[in-house]
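Subject: Structure handover and findings

Hello,

My notes follow below it.

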Amino acid sequence: MIKKNKAIFLDRDGVLNKKREDYVKSVKELEIFPNIAEEISKLKMKGFLIIVITNQSVINRQIITIKELEEIHLTIQKFLKKNETCIDKFYFCPHRPDENCECRKPNPGLIKQAINEFSIDASKSWMIGDSKTDIQAGEKAGCKTIFLKQNDSFTKILKIIESKEKQVETSK
């Protein structure tokens with residue numbers, strides 16, 4: 001039997017960087033949370049792939065281009081690389097809510113795509129997000145979920161995952 005990977009699926013805005021009511025539209029508007037690299041590095045050391053799943057209707061609203069979105073994601077990667085870690089892949093949905101696509105959270109399309117591409121075991125994976133739609137997408141994909149409240153730190157999430165992982169190990 002082929003060993004499957006485990007992953008941490010992260011929403012972007014509000015989890016990796018400060019959320020803006022008018023969208024993150026450029027690198028200048030991107031405010032990456034300072035401790036995020038350290039926490040991602042710890043998760044990677046525990047054997048998790050780190051995959052971003054983000055709704056970016058800002059593209060189909062014609063506010064920014066895919067190239068501008070890629071620049072934002074490249075800036076996040078450069079920040080993480082300076083801290084000796086990285087995101088394994090960014091997945092984004094460019095659709096507006098009224099387009100009713102399968103990839104926009106709360107639908108699990110992008111998570112399922114990542115599961116297939118990276119041979120991931122959803123039951124050993126987590127979706128972490130700051131909105132109800134993030135959690136719904138994770139649940140629909142068969143992942144465990146963590147709702148990140150506005151003032152929660154990523155360190156708190158790491159502790160939750162560590163304690164759940166230990167519970168699984170001790171029950172074997």
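Which residues of H1 are buried? They are Ile-36, Ala-37, Glu-39, Ile-40, Ser-41 and Leu-43. Please keep in mind that this is a predicted model.

**Helix H2**

H2 covers residues 66-82, 17 residues in total. Leu-69, Ile-72, His-73, Ile-76 and Leu-80 are the buried residues of H2. They line one face of the helix, because they fall within an arc of 90 degrees when seen down the axis of H2. That buried set packs against helix H1 (36-45), strand S2 (48-55) and strand S3 (89-93). The other side of H2 carries exposed lysines: Lys-67, Lys-78, Lys-81 and Lys-82. Just after H2, Glu-84 has a positive phi of about 60 degrees.

**Nonpolar cores**

The largest nonpolar core has 26 residues. Within this core, Ile-8, Leu-10 and Ile-161 touch the most other members. At least two residues each come from strand S1 (6-10), H1, S2, H2, strand S4 (126-129) and helix H5 (154-170). Take Ile-8 as a case. Beyond its neighbours within four places in sequence, Ile-8 is in contact with Leu-43, Phe-48, Leu-49, Ile-50, Ile-51, Trp-126, Ile-128 and Ile-161. Another core lies apart from the largest one. It has 19 residues, including Leu-110, Ala-122, Ala-141 and Cys-143.

**Cysteines**

How many disulfides does a search of the whole structure find? The search finds 0. Cys-93 and Cys-103 deserve a look here. The closest cysteine sulfur to that of Cys-93 is in Cys-103, at 3.3 Å. A disulfide needs the two sulfur atoms within 2.5 Å, so the 3.3 Å from Cys-103 to Cys-93 is too far for a bond. Cys-93 is buried, at 0% relative accessibility. Cys-103 is also buried, at 16%.

**The loop between S2 and H2**

Ser-57, Gln-62 and Thr-65 are all found in this loop. Ser-57 is buried, with 4% relative accessibility. Its side chain makes a polar contact of 2.8 Å with the side chain of Arg-61. Leaving out residues up to four places away in sequence, Ser-57 touches Tyr-23, Cys-93, Pro-94, His-95, Arg-96, Pro-97 and Arg-104. One of these, Cys-93, belongs to the cysteine pair above.

Is Gln-62 buried or exposed? Gln-62 is exposed, at 72% relative accessibility. Its phi is positive, near 60 degrees, though Gln-62 is a residue other than glycine. Thr-65 is partly exposed, with a relative accessible area of 41%. Thr-65 and Pro-94 are 29 residues apart in sequence. Their C-alpha atoms are 9.7 Å apart in space.

**Gly-129**

Gly-129 is in strand S4. At 0% relative accessibility, Gly-129 is buried. Which residues does Gly-129 touch, not counting those up to four places away in sequence? They are Asp-11, Val-15, Asp-134, Ile-135, Ile-146, Phe-147 and Leu-148. Asp-88 is 41 residues from Gly-129 along the chain. The C-alpha atoms of Asp-88 and Gly-129 are separated by 17 Å.

**Backbone points to check**

- Tyr-23 is not a glycine, yet its phi is positive, about 75 degrees. Tyr-23 is in the loop between S1 and H1. It is partly exposed, with a relative accessible area of 30%. Tyr-23 is also among the residues that Ser-57 touches.
- Lys-105 and Pro-106 are joined by a cis peptide bond, with omega about 25 degrees. Pro-106 is in the loop between S3 and helix H3 (109-118).

Best regards

Terms used:
Residues are numbered from 1 along each chain as its sequence is written. This is a predicted model: local features need pLDDT of at least 70, side-chain atom pairs count only at pLDDT 80 or more; totals for chains, interfaces and linings use all residues. Side-chain values use heavy atoms; hydrogens and water are left out. Buried means under 20% relative accessible area, exposed over 50%, partly exposed in between (1.4 Å probe, protein chains only). Helices (H or I, at least four residues) and strands (E, at least two) are DSSP runs, numbered from the N terminus. The expected span of a helix is 1.5 Å times one less than its number of residues. The arc is that of the directions from the helix axis to the C-beta atoms. Contact means heavy atoms within 4.5 Å. A nonpolar core is a set of buried Ala, Val, Leu, Ile, Met, Phe, Trp, Tyr and Cys residues joined through side-chain atoms within 4.5 Å. A polar contact is a pair of N or O atoms within 3.5 Å; within protein, one must be able to donate a hydrogen and the other to accept it, and residues adjacent in sequence count only if both atoms are side-chain atoms.
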